Amino acid sequence: MVQTAPLPVSSSASTVRPSAPASKPPPAVPVDDLPAFDIQGFSLWYGSRQALYDVSIRIPARQVTAIIGPSGCGKSTCLRALNRMHELTPGTRIVGSLRLFGDDLYASGIDPAYVRRRVGMVFQKSNPFPTMSIEENVLVGLRLNGVRDRAFLQERLEESLRMSALWDEVKDVLNRPGTSLSGGQQQRLCIARALAVQPEVLLMDEPCSALDPIATAKIEELIQLLRERFTVVIVTHNMQQAARCSDRTAFFYMGKLIEYAATREIFTNPANPQTEAYVSGRFG
Amino acid sequence: MSPLPRPTTPGAGILPVSPRWPDRSFRWLALLAALSIVALIVLVGWELYAGAALAVKKFGVGFLGSSDWNPVTDKYGALPFIFGTLVSSVIALLIAVPLGVATALFLTEMAPVRMRQPVITVIEMLAAVPSVIFGLWGVFVLVPWLRDHVFQWFKHTLGFLPLFKGPIYGPSMLAAGVVVAIMILPIITSVSREILRSVPNLQREAAYALGATHWEVIRIAVLSYARRGLFGAAVLGLGRALGETMAVTMVIGNRPDISASLFAPGYTLASVVANEFTEATTDVYLSALFELGLVLVALTIVINAIAQLMLRTLAGPGSGKVM
Ligand SMILES: Nc1ncnc2c1ncn2[C@@H]1O[C@H](COP(=O)(O)OP(=O)(O)OP(=O)(O)O)[C@@H](O)[C@H]1O
Ligand SMILES: [Mg+2]
């Protein structure tokens with residue numbers, strides 16, 4: 001069964017043409033640098049249903065890469081394949097190669113838990129552990145790794161919460177349950193939790209879709225800070241968001257990578273007519 | 001948004017209002033049903049108390065603390081039965097809760113999808129087996145086996161503990177605990193399974209995304225999220241265990257003694273009422289049995305109340321109420 005892609009429904013997308021970020025210099029792809037992800041000929045099936053078709057993409061390190069495309073086109077699937085989260089869904093199967101800084105993540109003998117320690121993830125809906133305090137939530141990943149040194153944990157706690165721009169808001173209530181925070185704060189808590197283990201890459205699947213504009217702006221600011229130290233891959237339905245906070249953008253359509261280029265290119269001068277139609281809100 | 005189409009026929013556009021009487025009569029009916037349950041509970045309590053009045057008057061509070069149970073001298077005390085009920089139930093819980101929760105974990109988190117339904121069906125069948133059948137099986141199969149193997153092993157390895165000292169007869173507190181454990185296993189398992197299934201997948205994914213192993217995911221995302229509910233499942237099992245009568249009567253040995261040894265026979269509140277009702281020849285004897293019934297009800301209520309209080313102090317999501 002082929003799912004017909006629905007039109008992009010957001011009314012703002014059809015009226016407001018997202019403009020490329022003005023302040024940012026056009027991001028140069030660091031040709032010499034090893035890409036964070038090097039994906040070649042990657043296909044993925046859910047049972048007998050193919051969700052990704054022969055995707056090849058090189059995601060540069062220490063940049064923000066946005067994945068856009070209509071609903072059901074395989075954005076989440078692609079993102080989840082990057083840290084092997086899709087393996088939690090029974091019956092998935094992949095073909096192709098995926099390298100993280102040169103290491104084959106799907107090589108036999110590679111533990112998915114090891115992959116996920118290098119590639120962290122933030123979900124669409126914030127999901128702090130409700131029985132843990134704010135502090136425990138942030139540190140749970142380190143504790144799982146057997147870190148017991150109090151001073152080190154304390155340092156990492158503050159550092160992670162500062163990086164996720166949450167420290168000032170929670171520094172006096174670290175023992176309160178993580179779920180006592182507001183939705184936007186909870187999402188930043190989840191980001192702090194992912195950052196605490198210092199992954200090489202942070203994957204974000206529509207991290208702002210459940211948030212109000214102010215919380216969204218905070219997270220977008222945060223993403224700008226993160227790119228100095230981490231590689232970020234973000235799935236978003238919001239094209240202004242992709243335009244505002246990413247360096248490179250990948251456009252997916254029906255499981256295929258249609259176009260992948262600098263964000264400015266994608267939004268001002270896309271090479272592919274489908275991309276053009278999608279980013280300008282005229283789809284089909 | 002297009003405007004709603006205007007009504008074209010006269011009178012249309014006003015939705016017909018459904019008559020009110022079904023609504024009202026249903027409300028009365030529901031209220032009546034609810035009240036009749038309350039009335040029934042009050043009635044049962046009152047009848048129990050009325051039946052027990054004689055014994056209450058004769059023995060006073062001392063009834064609870066006395067371990068005398070002698071129809072010949074017409075002296076009655078509840079302590080051995082309270083002790084037997086509590087000990088056999090606690091043994092049952094100690095066995096059934098870990099087993100039930102582990103089974104539920106296996107079913108929700110580990111077992112291949114195809115294997116789940118058959119296992120669930122078997123567990124449900126276990127719940128459908130009548131109590132007396134467990135009793136029979138206990139008497140003829142389980143108790144001899146426990147006596148000849150398990151109890152011997154305990155005696156040899158842990159015999160230095162008072163719990164495992166003394167002669168081994170077979171029918172005993174421990175045997176009763178094991179039988180009751182088997183009987184409350186289905187309810188604990190199925191309630192725990194529902195609880196574990198209600199843990200959002202997003203919680204599991206959060207843990208996986210941190211690089212947790214399968215067991216770590218179960219620990220930090222599943223069990224801790226579900227702990228209130230699992231506690232509730234245990235309380236539900238305890239409620240069953242306290243009142244379990246038939247099978248216990250058949251394997252516990254029916255001797256109103258208080259012994260530190262789990263190999264010693266015991267007696268429970270429910271068993272003694274069921275067992276000695278027909279033999280209760282004097283009014284005081286009968287009344288004492290009634291009072292034991294009253295004690296059993298009170299014990300169940302008190303334990304449930306304590307459990308609710310404990311639940312409140314256990315932080316975490318989800319209501320622990322499964323009753
Ligand atoms: N667990 C699953 N089992 C079977 N098919 C799935 C599963 N998850 C996703 N799919 C299919 O794979 C395709 C891609 O799904 P995916 O979730 O990656 O889309 P998406 O681009 O993230 O969409 P959205 O923007 O709505 O989140 C969809 O057609 C979907 O039906
Ligand atoms: Mg998605």
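## The six-stranded sheet in chain A

In this predicted model, chain A holds an open sheet of six strands with mixed pairing, in the order 6-7-8-3-9-10. Two strands pair if DSSP finds at least two bridges between them. Strand 6 and strand 10 (256–262) of chain A sit at the edges, each pairing on one side only. On average, neighbouring strands of the sheet are turned by 20 degrees against each other, direction ignored.

Zooming in, strand 9 (residues 248–253) and strand 10 of chain A run antiparallel, paired over six bridges. A:Ala250 has A:Tyr260, in strand 10 of chain A, as its bridge partner. Helix 2 of chain A packs on the sheet, touching strand 3 (64–68), strand 6, strand 7 (201–205), strand 8 (231–235) and strand 9 of chain A. Its direction makes about 155 degrees with that of strand 8 of chain A. Axes are lines fitted to C-alpha atoms, for helices over the stretch in contact, and angles run from 0 to 180 degrees between N-to-C directions.

## Around ligand 1

Ligand 1 has 14 residues around it, and A:Tyr46, A:Ser71, A:Lys75, A:Ser76 and A:Thr77 come nearest. A residue is near a molecule if its C-beta atom, placed from the backbone, lies within 6 Å of it. Strand 2 (49–59) and helix 2 (75–82) of chain A are the elements giving two or more residues to this shell. Helix 2 of chain A gives the most, with three residues.

By class, the shell has three nonpolar, nine polar and two charged residues. Ala, Val, Leu, Ile, Met, Phe, Trp, Tyr, Cys and Pro count as nonpolar, Asp, Glu, Lys and Arg as charged, and the others, Gly among them, as polar.

## Where chains A and B meet

Here 21 residues of chain A are in contact with 19 residues of chain B; contact means C-beta atoms, placed from the backbone, within 7 Å. Helix 3 (112–118), strand 6 (119–122) and helix 4 (134–144) of chain A each supply at least two residues to the side of chain A that touches chain B. Helix 3 of chain A gives the most, with four residues. That side of chain A has 13 nonpolar, five polar and three charged residues.

## Numbering and confidence

Residues are numbered from 1 along each chain as its sequence is written, while chains are lettered from A and ligands numbered from 1 in the order in which they are written. Local features need pLDDT of at least 70 and side-chain atom pairs count only at pLDDT 80 or more, whereas totals for chains, interfaces and linings use all residues.

How values were computed. Two residues are in contact if their C-beta atoms, placed from the backbone, lie within 7 Å.
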